[in-house]
Amino acid sequence: MRMSFLLLCAASRGTTAFNLPSLSASQLRSSSLRSVTTTRLHSTSSDSSDFDYDLLVIGGGSGGVRASRIASGHGAKVALLETKLSHGVDPYYSAIGGTCVNVGCVPKKLMVFASRYPGEIREMEGYGWKGASEGVFDWKVFLDNKNKEITRLNNVYQNFVLKNAGVQVIEARGTLTGPNSIQVHTTATGESSTLTAKNILIAVGGWPFKP
């Protein structure tokens, strides 16, 4: 998980509020696209031309992103539906990238990194560093930088991981209406339309609740 986090951080060409290691473009391509081949998907049932897409994915979390990216790499025409492409306030804490990027692994790690510095600073004098002090923690500054980093990773998922793999990303909520059809509720306009696909993958994850 740590390597995946660093990979996504390094993938963006933009800047980050946190100092993170970078990877070369060739390393990124070999890591993120290593499963891509020119093999075409095929079926013995109906022709793919009967549908808008070979694969429609509902949900842009870890599972949906990888499934759509790999399928596109094998020659499928793929679209992915995600309600929000950038995180925000309730009910849109989660967005493209899923729980891990928006409210899970990434913010958790940043909070852990922030919490470890006072202890390290207290140890510095024993290693010869004079005058170091813990200072005062500014929660607002941390939150602002945390949100900037998550927004950057949202953009990485949309514009690097998926777009470069040939996946069409649609900011919308999908409702299954049949074995090969989805009603699409566009987030920005509230308009509804219908898309069809030879294969449909539901990868919406879950949401915690008190039983």
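Predicted model: local features only at pLDDT ≥ 70, side-chain atom pairs only at ≥ 80, totals over all residues.
Residues are numbered from 1 along each chain as its sequence is written, and side-chain values use heavy atoms, with hydrogens and water left out.

## Overall fold

The chain holds six helices and five strands, where helices (H or I, at least four residues) and strands (E, at least two) are DSSP runs numbered from the N terminus. Read from the N terminus, the order of these elements is α-α-β-α-β-α-α-α-β-β-β. The chain has 211 residues, of which 36% count as buried; buried means under 20% relative accessible area, exposed over 50%, and partly exposed in between, with a 1.4 Å probe and protein chains only. Among the contacts in the chain with a separation of 6 or more, 62% come from residues 24 or more positions apart, contact being defined as heavy atoms within 4.5 Å.

## The barrel

Five strands form a closed barrel in the order 1-2-3-4-5, and their pairing is mixed; two strands pair if DSSP finds at least two bridges between them. From one strand to the next the twist averages 60°.

| Strand pair | Sense | Bridges |
|---|---|---|
| Strand 1 (residues 53–58) and strand 5 (residues 192–202) | parallel | five bridges |
| Strand 3 (residues 168–178) and strand 4 (residues 181–186) | antiparallel | six bridges |
| Strand 4 and strand 5 | antiparallel | five bridges |

## Thr175 in strand 3

Thr175 lies in strand 3, and because its relative accessibility is 29%, Thr175 counts as partly exposed. When neighbours within four places in sequence are left aside, Thr175 is in contact with Ser181, Ile182, Gln183 and His185. Thr175 and Thr194 are 19 residues apart in sequence, and their C-alpha atoms are 9.4 Å apart in space.

## Helix 3 and its partners

Helix 3 packs on the sheet, where it touches strand 1, strand 2 (78–82) and strand 5, and its direction makes about 165° with that of strand 2. Angles run from 0 to 180 degrees between N-to-C directions, and axes are lines fitted to C-alpha atoms, for helices over the stretch in contact.

Helix 3 (residues 62–73) also packs with helix 6 (residues 139–162), at an angle of about 15° and with the axes 11 Å apart. That angle makes helix 3 roughly parallel to helix 6, since angles under 35 degrees count as roughly parallel, over 145 as roughly antiparallel, 65 to 115 as roughly perpendicular and the rest as oblique. In this packing, Val65, Ser68 and Arg69 of helix 3 meet Tyr157, Val161 and Leu162 of helix 6. By class, this contact of helix 3 with helix 6 has four nonpolar, one polar and one charged residues, where Ala, Val, Leu, Ile, Met, Phe, Trp, Tyr, Cys and Pro count as nonpolar, Asp, Glu, Lys and Arg as charged, and the others, Gly among them, as polar.
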